[in-house]
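I opened the model to go through its helices and a few backbone details. My notes follow in the order I looked things up.

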2 protein chains.
Amino acid sequence: MVWIVEEHEQVYCNERGITVSRQVVRLPNGDVIPDYFQIALPDFVTIVAVTDQRDVLVIRQYKHGVGRVALTLPGGGIERGEEPLAAAERELLEETGYASEAWTPLSHFVVSGNQHIATSHMFFADNCRQVAEANSGDLEEMEIVHMGREEAVEKTCAGAFPIISHTTALSLAVLRKLI
Amino acid sequence: MVWIVEEHEQVYCNERGITVSRQVVRLPNGDVIPDYFQIALPDFVTIVAVTDQRDVLVIRQYKHGVGRVALTLPGGGIERGEEPLAAAERELLEETGYASEAWTPLSHFVVSGNQHIATSHMFFADNCRQVAEANSGDLEEMEIVHMGREEAVEKTCAGAFPIISHTTALSLAVLRKLI
């Protein structure tokens, strides 16, 4: 049932780790597709973090991919050689100043069923406590919001977190009764 | 709070509608970033479709972005000039042969908070009935699975739908008590 990749040629790359590749693929029925494209971005993590006061740590910030100030979750790109959980711990600390000793993997997903793009790893961090000041080094100005469970669930259902991985992570945390 | 796009240059495009653009952006603090990249793919729809027997219409198929046979939902790219709902009706009919007269928009999301990539539109289609044979014209061989509600919820929570938009759509349908 799998497709055989007969050729793989990188046709675009840049210094931000974005690549586009053209593949020649052979289908199970013998047909050959000469131009099936794959896109690669760095894999990334998204974190549903709950404080010892049972609030969800939400970040309100401008996101250029959304084009406006948006409700988001902590998260970011996995560095070369870094394990997803280590990236999640690092991003939570950098972006919020909080740390957790109770991490649960929620799941991981591909961003696109056709072009792949990246793997999105999701974690739940329970009983988070502030251990430092936030110091993300990111380009965005961030406002940390302590959001009560009820409001977080309501806003998730209403689609108020506009980045897909954030809604997915929150939804899974709610469905698994973690928040 | 928004970033100002001072320059926008398309640096890659291909015949499948994939483009990469380099932007020069000015941040609120006056800093200028000379190489912030945006990726564009066609926007797409994902459909949680429930039959008049209360089963969820799931498609088991090889997906090249996943690299294996996977549980997926009906869906696909929005054509030029097409409304998202019309695309959802068309994709459901093409991929499954089913139609619905009870559509509910679930929400829409950006695929990436940084590079945007595409908007993912999600719909719930209730009381679906088979009106034709499936005839997707897609490259993948598809097996339609009628999945009971309980199994669909359990598999969603377990991360068994590996494409992120499919898990998001299913999660939202469960949280809103639509399935």
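A crossing is left-handed if the near helix is turned anticlockwise from the far one by less than a right angle, and right-handed if clockwise. I kept that at hand for the helix pairs. This is a predicted model.

**Entry 1**

I started with α3 (residues 164-175) of chain A and α3 (residues 164-175) of chain B. Their axes come within 9 Å and cross at roughly 45°. I then checked the hand: α3(A) passes α3(B) in a left-handed crossing.

Which residues make the contact? From α3(A) I noted A:Ile164, A:Ser165, A:Thr167, A:Thr168, A:Ser171, A:Leu172, A:Val174 and A:Leu175. From α3(B) I noted B:Ile164, B:Ser165, B:Thr167, B:Thr168, B:Ser171, B:Leu172, B:Val174 and B:Leu175. I sorted the contact of α3(A) with α3(B) by class and found 8 nonpolar, 8 polar and no charged residues.

**Entry 1: helix α2 against helix α3 in chain B**

Next I stayed within chain B. Helix α2 (residues 149-157) and α3(B) pack at an angle of about 125°, with their axes 10 Å apart. α2(B) and α3(B) are therefore oblique to each other. Their crossing is left-handed.

α2(B) brings B:Arg149, B:Val153 and B:Thr156 to the contact. α3(B) brings B:Thr167, B:Leu170, B:Ser171 and B:Val174. By class I get 3 nonpolar, 3 polar and 1 charged residues for the contact of α2(B) with α3(B).

**Entry 2: the two sides of α2 in chain A**

Which residues of α2 (residues 149-157) of chain A are buried? I found A:Ala152, A:Val153, A:Thr156 and A:Cys157. They cover an arc of only 130° around the axis, so they sit on the same side of α2(A). On the face turned away from that buried side I found the exposed residues A:Glu150 and A:Glu154.

A:His116 has a phi near 65°, a positive value. I placed A:His116 in strand β10 (residues 116-130) of chain A. Is A:His116 buried or partly exposed? Its relative accessibility is 25%, so A:His116 counts as partly exposed.

In chain B I picked out B:Asn127, with a positive phi near 55°. B:Asn127 lies in strand β10 (residues 116-130) of chain B. At 35% relative accessibility, B:Asn127 counts as partly exposed.

**Entry 3: chain A as a whole**

I finished with the overall numbers. Chain A holds 3 helices and 11 strands. From the N terminus, I read the order of elements as β-β-β-β-β-β-β-α-β-β-β-β-α-α. The C-alpha trace of chain A spans about 60 × 35 × 30 Å along its principal axes.

Chain A has 179 residues, and 56% of them count as buried. I also looked at contacts in chain A between residues at least 6 apart in sequence: 59% of these join residues at least 24 apart.

Key. Residues are numbered from 1 along each chain as its sequence is written. Chains are lettered from A and ligands numbered from 1 in the order in which they are written. This is a predicted model: local features need pLDDT of at least 70, side-chain atom pairs count only at pLDDT 80 or more; totals for chains, interfaces and linings use all residues. Side-chain values use heavy atoms; hydrogens and water are left out. Axes are lines fitted to C-alpha atoms, for helices over the stretch in contact, and angles run from 0 to 180 degrees between N-to-C directions. Helices (H or I, at least four residues) and strands (E, at least two) are DSSP runs, numbered from the N terminus. Contact means heavy atoms within 4.5 Å. Ala, Val, Leu, Ile, Met, Phe, Trp, Tyr, Cys and Pro count as nonpolar, Asp, Glu, Lys and Arg as charged, and the others, Gly among them, as polar. Buried means under 20% relative accessible area, exposed over 50%, partly exposed in between (1.4 Å probe, protein chains only). The arc is that of the directions from the helix axis to the C-beta atoms. Angles under 35 degrees count as roughly parallel, over 145 as roughly antiparallel, 65 to 115 as roughly perpendicular and the rest as oblique.
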